[in-house]
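These are my notebook entries on a structure that I am reading for the first time. I wrote down what I looked up, in the order in which I went through it.

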Amino acid sequence: MKVIAILVIFASLAAAVPLPDGLEPHIPVLERTEVRDEHGQYALSYLTANGIATAEQGALKQSNEGNVLVRQGSWAYLGPDNVKYIVNYVADENGYRATGSHLPEPPAS
């Protein structure tokens, strides 16, 4: 009985001690999918318990420089202001381009 009481006390103390700066608690992954094929195409996604989500698709594309992996997708998170932020992106032979209502517009070319 004393052993159980001591374990309960230690567990209570451990729960009350804050994490050191820079460390965050483990956030479980609620959903995860990943599909790949023999041609280099893929799709993946995941959702965590704290609301972080991502989805991405990729495929090889012929270009003047050979095969290029074209990736497009989005990621989202709940900000400290309780607003859901969503970023959509494309990454290809022209670089990484992200858009989101909270991101500044790039300068005109």
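The model is predicted, so local features need pLDDT of at least 70 and side-chain atom pairs count only at pLDDT 80 or more, while totals for chains, interfaces and linings use all residues. Residues are numbered from 1 along each chain as its sequence is written, and side-chain values use heavy atoms, with hydrogens and water left out.

**Entry: the two strands.** I looked up how E1 (residues 29-36) is joined to E2 (residues 42-48), and found 7 bridges between these antiparallel strands. Arg36 stands opposite Tyr42 of E2. I then checked burial (buried means under 20% relative accessible area, exposed over 50%, partly exposed in between, with a 1.4 Å probe and protein chains only). Of the 8 residues of E1, 0 are buried, so the strand lies largely in the open. Val29 belongs to E1 and is partly exposed, at a relative accessible area of 49%.

Entry: The hairpin of E1 and E2 has 5 residues between the strands, and in it Gly40 takes a positive phi near 90 degrees. I found Gly40 partly exposed, with a relative accessible area of 31%. Leaving aside neighbours within four places in sequence, Gly40 is in contact (heavy atoms within 4.5 Å) with Gly58, Ala59, Leu60 and Leu69. I also noted that Gly40 and Lys61, 21 residues apart in sequence, are 9.9 Å apart in space, C-alpha to C-alpha.

Technical notes:
Helices (H or I, at least four residues) and strands (E, at least two) are DSSP runs, numbered from the N terminus. Two strands pair if DSSP finds at least two bridges between them.
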